[in-house]
Amino acid sequence: MSPQQLRIAVPAPGATQVVLHLADRTVVTEPDGDLWRAQTEAIPGEHYWLTVDGGQPLVDPGCRDLAWTAAGPRSVVRAPWPKGPQASALADDPVVYELHV
């Protein structure tokens with residue numbers, strides 16, 4: 001699979017540093033008010049985690065998939081939904097039947 005953009009925005013108002021960890025690299029996030037933001041390329045299925053102020057590994061609160069590893073839970077980069085044709089509009093209004101027994 002080809003790399004895609006991984007974007008995170010993590011609320012950590014009292015933090016002094018939030019780091020995004022991937023298997024082969026780390027990315028230091030940038031503060032933006034109470035959020036910490038980062039953007040990097042990642043491959044779908046790749047595991048990642050966060051650390052706040054050098055603490056224990058944490059999952060991304062906005063991740064869509066989680067995996068349980070020997071090192072604990074990890075966030076998983078999810079592939080985007082496939083593009084498909086959009087359904088056409090209905091030709092006639094639908095009819096709804098309601099039956100009470």
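Strands here are DSSP runs of E with at least two residues, and helices are runs of H or I with at least four, both numbered from the N terminus. These views come from a predicted model, where local features need pLDDT of at least 70, side-chain atom pairs count only at pLDDT 80 or more, and totals for chains, interfaces and linings use all residues. Residues are numbered from 1 along each chain as its sequence is written, and side-chain values use heavy atoms, with hydrogens and water left out.

**View A. Thr-29 sits in the loop between strand S3 (25–28) and S4.** A polar atom of the Thr-29 side chain lies 2.6 Å from the backbone oxygen of Val-18. Setting aside neighbours within four places in sequence, Thr-29 is in contact (heavy atoms within 4.5 Å) with Ile-8, Val-18, Leu-20, Trp-36, Arg-37 and Ala-38.

**View B. Glu-30 belongs to strand S4 (residues 30–32).** Glu-30 is exposed, at 52% relative accessible area. Once neighbours within four places in sequence are left out, Glu-30 is in contact with Leu-35, Trp-36 and Arg-37. Look for Val-18 again here: Glu-30 and Val-18 are 12 residues apart in sequence, and their C-alpha atoms are 8.0 Å apart. Pro-94 is exposed, with 61% relative accessibility, and its C-alpha is 50 Å from that of Glu-30, 64 residues away along the chain.

**View C. The largest nonpolar core has 12 residues.** A nonpolar core is a set of buried Ala, Val, Leu, Ile, Met, Phe, Trp, Tyr and Cys residues joined through side-chain atoms within 4.5 Å. Its members are Leu-6, Ile-8, Val-10, Leu-20, Leu-22, Val-27, Ala-38, Ala-42, Tyr-48, Leu-50, Cys-63 and Val-77. Two or more residues each come from S1, strand S2 (18–22), strand S5 (35–42) and strand S6 (47–52), and S1 gives the largest share, three residues. In soluble globular proteins, nonpolar side chains tend to be buried together. Zoom in on Leu-6 and you'll find it touching Leu-20, Leu-22, Ala-38, Gln-39, Thr-40, Ala-42, Tyr-48 and Val-77, not counting residues up to four places away in sequence.

**View D. Thr-51 is a buried residue of strand S6.** Its relative accessibility is 11%. The side chains of Thr-51 and His-21 make a polar contact of 2.9 Å. (That term covers a pair of N or O atoms within 3.5 Å; within protein, one must be able to donate a hydrogen and the other to accept it, and residues adjacent in sequence count only if both atoms are side-chain atoms.) Neighbours within four places in sequence aside, Thr-51 is in contact with Gln-17, Val-18, Val-19, His-21, Gln-56 and Pro-57.

**View E. Asp-53 has a positive phi without being a glycine.** The angle is about 55°. Asp-53 lies in the loop between S6 and strand S7 (65–69), and is partly exposed, with a relative accessible area of 42%.

Note on methods:
Buried means under 20% relative accessible area, exposed over 50%, partly exposed in between (1.4 Å probe, protein chains only).
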